[in-house]
Amino acid sequence: MNNDFKKSVLQFFQSLPAYTQDMEAACMAIVDAFEEPVRKKKGDIITELSPPNKDFWFLHQGYLKELYKNKFQSDDTLFNFIPPGSVFVNEDSLFYNQRPQHYFKAYTDVSIVGLKIENFETLRIKFPAVIQLYLSGTAEIQRNRRSRLLMLRMQSTQDRINWVREQRGDLYKVLDRVTLAQYIGVSRASLYRAFDKTGKSQY
Amino acid sequence: MSLDKDYATIFQALQEYVRPEEELDYENLGKLARSFVIKTVNQDENLWELSSSNAQLHFILSGAFGEYLVQGKNPQLIRFYRKEKFAFSEDMILYSARPATYAKCLVEARVASIPANVLMSYVQRSQEGVKLLTGLIELSMTEYRNTTYEMLQTSGTDRINAALEQFPDLLNIIPRKELADYLGISRASLFRSLKQIDIE
């Protein structure tokens, strides 16, 4: 396997809880079905995921912001911050055949690779393990969402900051303060007050 | 409500995920709907517990439940299950692991349930079964997304408004104490916010 991104995609599948040795052939077939990487500059919108794209995407390098239009705020809101080695999709298009409510923006320069939905369907028919991997990947996203919800319910901003530092150190070290405030669901002012109070800086 | 009507409701809910095309698929789905066992659950009783080992898929015919995640000292109310929704412990169904959550009845309920092995046998027998399981997991993922929208609001009032958008009957069904816990605000803040949006 020559391509660096293929190794990352394979690692992703091998790290899923549902993965077993006998799924190796299915994993290799999925990896081979991914297209060549697409590179985007920091600040670019990932137009590849514009409607009605139902493909699966893998973030090989860099970080992405997943944003949505928040009816209760004037600016678009950060829904999620995606680290390298993650799969991301248009959920609304893929699950419900609807126009996506979210869009993705490059937080740093990024490299992404896509798996076309038609290729996924072909693989699903050929390898029954593909659906188990799909379910496991989806369940992992849920587990992360569930865990983050606990943080978002914490009443103290400091507790939320501590949660990100301890539970998502990989994100904490790259998030600027504005994005950190959005990730933990507080205003910038509250975040700055929390840092002032403890006398600690972010890093 | 007659049992036949209950089973028709369950069948219809299953059908939304499975969308059978062949007559045999309809028959199999009908059999699956009929294998649900209906019971009444009283307020404060658990639908599943942290110590539960018998995984089940539940369908809420009436009433409401809160799902609590236990990490650290205090259980946190992470979402509600209401009428005509499926409910299940993802830990048990997907990972065959002990649940990290429990589901407590908030309003007396009637619930239809099947053991996980009946569900899994249906999943293994047919493509329709795979569609059902996939659909249930995707729905669960969407519900977590909706809850995240609510929690990302920085004021109590906006959190209530965002929650009402997802669940318009929320204030009529969920007791105020649980609602405050769910929104991550104090009861005093909840009442202040409700007054502000002219609900109380």
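Among contacts in chain B between residues at least 6 apart in sequence, what percentage join residues at least 24 apart? The figure is 68%, where two residues are in contact if their C-beta atoms, placed from the backbone, lie within 7 Å. Welcome to this predicted model, in which local features need pLDDT of at least 70, side-chain atom pairs count only at pLDDT 80 or more, and totals for chains, interfaces and linings use all residues. Residues are numbered from 1 along each chain as its sequence is written, while chains are lettered from A and ligands numbered from 1 in the order in which they are written.

**Chain B as a whole**

- Chain B has nine helices and six strands; helices (H or I, at least four residues) and strands (E, at least two) are DSSP runs, numbered from the N terminus.
- A compact globule of 200 residues would have a radius of gyration near 16 Å, and the 18 Å of chain B agrees with that. This radius is taken over C-alpha atoms, and the globule rule is 2.2 Å times the number of residues to the power 0.38.
- Along the principal axes, the C-alpha atoms of chain B fill a box of roughly 55 × 35 × 30 Å.
- Of the 200 residues in chain B, 40% count as buried, a label for residues with 20 or more other C-beta atoms within 10 Å of their own, C-beta atoms being placed from the backbone.

**Helix packing in chain B**

- Two packed helices are described by the angle between their axes and the distance between the axes. Axes are lines fitted to C-alpha atoms, for helices over the stretch in contact, and angles run from 0 to 180 degrees between N-to-C directions.
- Helix H5(B) (residues 127–151) and helix H6(B) (residues 156–166) pack at about 155°, with their axes 8 Å apart. That makes H5(B) roughly antiparallel to H6(B), a term for angles over 145 degrees.
- In this contact, Asn146(B), Tyr149(B) and Glu150(B) of H5(B) meet Arg159(B), Ala162(B), Ala163(B) and Gln166(B) of H6(B).
- H6(B) also meets helix H9(B) (residues 187–196): their axes come within 9 Å and cross at roughly 70°. H6(B) and H9(B) are therefore roughly perpendicular to each other, the term for 65 to 115 degrees.
- From H6(B), Gly156(B), Thr157(B) and Ile160(B) take part, meeting residues of H9(B) that include Leu190(B) and Leu194(B).

**Strands of chain A**

- Four strands of chain A form an open sheet in the order E1-E7-E2-E5, with antiparallel pairing; two strands pair if DSSP finds at least two bridges between them.
- Strands E1 (38–40) and E5 (86–88) of chain A stand at the edges with a single partner strand each, so one side of each is left without a neighbour in the sheet.
- Strand E2(A) (residues 56–61) pairs with E5(A) over three bridges in the antiparallel sense, and Phe58(A) stands opposite Val87(A) in E5(A).
- Strand E3(A) (residues 64–68) is joined to E4(A) by five bridges, and the two run antiparallel. Here Glu66(A) stands opposite Asn80(A) in E4(A).
- Five of the six residues of E4(A) are buried, so E4(A) is largely enclosed by the rest of the structure.

**Where the chains meet**

- In total, 22 residues of chain A are in contact with 27 residues of chain B.
- Strand E4 (77–82), helix H3 (91–96) and helix H5 (129–152) of chain A each supply at least two residues of the side that touches chain B.
- The largest share of that side, 11 residues, comes from H5(A).

Definitions and conventions. Parallel < 35°, antiparallel > 145°, perpendicular 65-115°, else oblique. Buried ≥ 20, exposed ≤ 12 C-beta atoms within 10 Å, placed from the backbone.
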